[in-house]
Amino acid sequence: MPVEVTWWGHATCTVEDSGVRVLTDPLFARRLAHLRRRRGALPPPEAAVADVVLLSHLHADHLHVPSLARLAPGTRALLPRGAGRSVPGLARRLPQLRFTEVVPGDKVEVDGLVIRVVSALHDGRRLPVGPQLSPALGYVLHGEARTYFAGDTGLFETMADEVGDVDVALLPVGGWGPCLGHGHLDAGRAAEALARLAPRSAVPVHYGTYWPIGMDAVRPHEFHAPGAEFERHAGRLAPKVTVHRLTHGESVLPEVAG
């Protein structure tokens with residue numbers, strides 16, 4: 001069965017592998033605090049159908065409680081260790097989910113699909129005032145393909161060693177504001193990560209979906225351009241990697257090792 005990746009916007013993807021449906025960082029809101037969805041329709045109900053959910057860190061645009069509330073009872077959710085203490089009322093507000101707190105190095109099996117937890121370089125706490133109790137995480141899925149979901153991360157020295165050989169890399173290439181600081185990948189740094197990881201295929205995510213209200217005219221290229229810029233940089237730094245620049249709701253069957 002081919003592996004299929006669907007990008008719903010921001011860091012939200014569905015990866016179907018070995019009959020298991022994996023959902024990453026679900027965010028189904030039209031508006032979140034000062035952010036508004038500026039591109040792509042809201043994901044349809046089937047986007048919330050998953051066997052397991054991967055939560056990369058505790059920022060509200062990655063661990064969004066109202067979006068998690070749309071998941072079916074019994075859905076398993078992997079999230080950083082300490083999340084239960086850092087996110088007020090998490091278990092009480094989402095009693096239908098089966099939470100498993102994880103740290104880098106952990107492995108979790110879901111119906112034959114092995115999910116390996118890896119590090120990320122990012123401030124993983126629950127903002128604005130949450131204590132630094134929970135790490136930011138990435139995940140590698142081992143099934144018919146090896147798929148790396150980077151979450152939100154900067155480029156770090158041990159990234160390629162921790163992630164290992166992968167077929168598909170889901171990499172953040174932008175953000176939701178006019179600048180990106182430490183612990184993020186912009187299009188150029190994401191292409192550097194791609195060159196180190198050397199997967200067969202890559203899907204750029206975490207760009208072109210949400211933008212601060214009232215900032216429509218402020219450096220709009222920061223919102224629109226990262227996907228195309230990543231593709232251009234990847235062509236120079238990692239020419240053997242096929243980049244699938246998806247539109248919101250679009251799916252792809254990436255090439256995997258035979």
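Modeller: One term first: a polar contact is a pair of N or O atoms within 3.5 Å, where within protein one must be able to donate a hydrogen and the other to accept it, and residues adjacent in sequence count only if both atoms are side-chain atoms. This is a predicted model, in which local features need pLDDT of at least 70 and side-chain atom pairs count only at pLDDT 80 or more, while totals for chains, interfaces and linings use all residues. Residues are numbered from 1 along each chain as its sequence is written, and side-chain values use heavy atoms, with hydrogens and water left out.

Colleague: Which side chain is joined to that of His-57 by a polar contact of 3.3 Å?

Modeller: His-57 lies in the loop between β6 (52-54) and α1 (65-68), where strands (E, at least two residues) and helices (H or I, at least four) are DSSP runs numbered from the N terminus. Its side chain makes a polar contact of 2.9 Å with that of Ser-56. The polar contact of 3.3 Å joins it to the side chain of His-59.

Colleague: Is His-57 buried or exposed?

Modeller: Buried means under 20% relative accessible area, exposed over 50%, and partly exposed in between, using a 1.4 Å probe and protein chains only. Leaving aside residues up to four places away in sequence, His-57 touches neighbours including His-122 and Asp-152, a contact being heavy atoms within 4.5 Å. Because its relative accessibility is 0%, His-57 counts as buried.

Colleague: Which residue is 64 residues from His-184 in sequence?

Modeller: His-184 sits in the loop between β13 (168-172) and α5 (187-197). With residues up to four places away in sequence not counted, His-184 touches His-122, Asp-152, Thr-153, Gly-154 and Arg-189. The residue 64 places away in sequence, 9.7 Å from it in space C-alpha to C-alpha, is Ala-120.

Colleague: What is the phi of Asp-25?

Modeller: Asp-25 is found in the loop between β3 (20-24) and β4 (31-32). Asp-25 has a relative accessible area of 0%, so it is buried. Although Asp-25 is not a glycine, its phi is positive, at about 35 degrees.

Colleague: In β14, which residue is the bridge partner of Leu-171?

Modeller: Seven strands form an open sheet of mixed pairing, in the order β9-β10-β11-β12-β13-β14-β16, and two strands pair if DSSP finds at least two bridges between them. Within this sheet, β13 and β14 run parallel and are joined by five bridges. The partner of Leu-171 in β14 is Pro-204.
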